[in-house]
Amino acid sequence: MNDLEQQQSEVEPDRAPTVGDAFVLMRNADDESRWSIHCSECGHRYGGIENDPKLGAVLKELSISDLSALNSVGMTERLVARQFFCPSCALLIAVNVQQHGDPIMLEWRLDPETLSKAR
Ligand SMILES: [Zn+2]
């Protein structure tokens with residue numbers, strides 16, 4: 001049993017909610033009213049559900065032509081591909097194409113009160 005499976009078994013294994021294939025949401029052991037985002041592969045804790053897990057991920061920037069050769073005719077000087085990985089197991093969790101210099105695009109934030117009511 002790996003760390004994630006052990007953590008899930010301690011928190012009702014069949015009831016741990018997921019977000020896509022990359023994340024598992026779990027209640028905090030020290031405060032059941034709070035939730036954390038964990039890697040679905042290794043159990044790494046990204047932080048509370050109030051923050052986008054990309055803020056706790058490893059970032060790699062590439063040219064958009066690295067994603068596809070077809071992009072080499074596009075705005076390669078203006079755009080950057082940002083890949084976000086789990087810092088523990090390197091699971092790819094997100095890819096964003098943005099303009100160079102733009103801040104990390106934060107895409108989601110979950111409300112713990114709403115999540116607790118749904119479970
Ligand atoms: Zn991981």
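1. Terms and basis. A residue is called buried if 20 or more other C-beta atoms lie within 10 Å of its own, exposed if 12 or fewer do, and partly exposed in between, with C-beta atoms placed from the backbone. The model under review is predicted: local features need pLDDT of at least 70, side-chain atom pairs count only at pLDDT 80 or more, and totals for chains, interfaces and linings use all residues. Residues are numbered from 1 along each chain as its sequence is written.

2. Ala90. By the definition above, Ala90 is partly exposed, because 13 other C-beta atoms lie within 10 Å. This residue is found in the loop between β6 and β7. Although Ala90 is not a glycine, its phi is positive, at about 70 degrees. The hairpin of β6 and β7 has six residues between the strands.

3. Overall composition. The chain contains three helices and seven strands; both are DSSP runs numbered from the N terminus, helices being H or I of at least four residues and strands E of at least two. Along the sequence, the elements follow the pattern α-β-β-β-β-β-α-β-β-α. Of the 119 residues in the chain, 13% are buried. Among contacts with a separation of 6 or more, 39% are between residues 24 or more positions apart; two residues are in contact if their C-beta atoms, placed from the backbone, lie within 7 Å.

4. The four-stranded sheet. Four strands form an open sheet in the order β1-β2-β3-β4, with antiparallel pairing; two strands pair if DSSP finds at least two bridges between them. β1 (18–19) and β4 (45–48) stand at the edges with a single partner strand each, so one side of each has no neighbour in the sheet. β1 pairs with β2 (residues 23–28) over two bridges in the antiparallel sense, and the bridge partner of Thr18 in β2 is Val24.

5. The antiparallel strands β2 and β3 (residues 31–39) are joined by six bridges, and two residues lie between them in their hairpin. Leu25 stands opposite Ile37 in β3. Ile37 in turn has Gly47 in β4 as a bridge partner. Three bridges connect β3 and β4 in the antiparallel sense. In the hairpin of β3 and β4, with five residues between the strands, Gly43 takes a positive phi near 85 degrees.

6. The three-stranded sheet. A further open sheet has the order β5-β6-β7, again with antiparallel pairing. Its edge strands are β5 (58–62) and β7 (92–99), each of which pairs on one side only. Neighbouring strands of this sheet are turned by 25 degrees against each other on average, direction ignored; the axes are lines fitted to C-alpha atoms, for helices over the stretch in contact, and angles run from 0 to 180 degrees between N-to-C directions.

7. β5 and β6 (residues 79–85) pair antiparallel over five bridges, with Leu59 opposite Phe84 in β6. β6 and β7 also run antiparallel and are joined by seven bridges. Leu79 has Gln99 in β7 as its bridge partner.

8. Nonpolar cores. A nonpolar core is a set of buried Ala, Val, Leu, Ile, Met, Phe, Trp, Tyr and Cys residues joined through C-beta atoms within 7 Å. The largest one has six residues: Ala22, Cys39, Ala57, Phe84, Cys86 and Ile93. Leaving out residues up to four places away in sequence, Cys86 touches Cys39, Glu41, Cys42, His44, Ala57, Leu91 and Ile93. A second, separate core has five residues, including Met26, Trp35, Tyr46 and Ile49. As a general remark, nonpolar side chains tend to be buried together in soluble globular proteins.

9. Leu115 and helix α3. Leu115 is placed in helix α3 (residues 112–118). It counts as partly exposed because 14 C-beta neighbours lie inside 10 Å. Apart from neighbours within four places in sequence, Leu115 is in contact with Leu25, Trp35, Ile49 and Leu110. Trp35 and Ile49 are also among the residues of the second core. Leu115 and Pro17 are 98 residues apart in sequence, and their C-alpha atoms are 9.4 Å apart in space.
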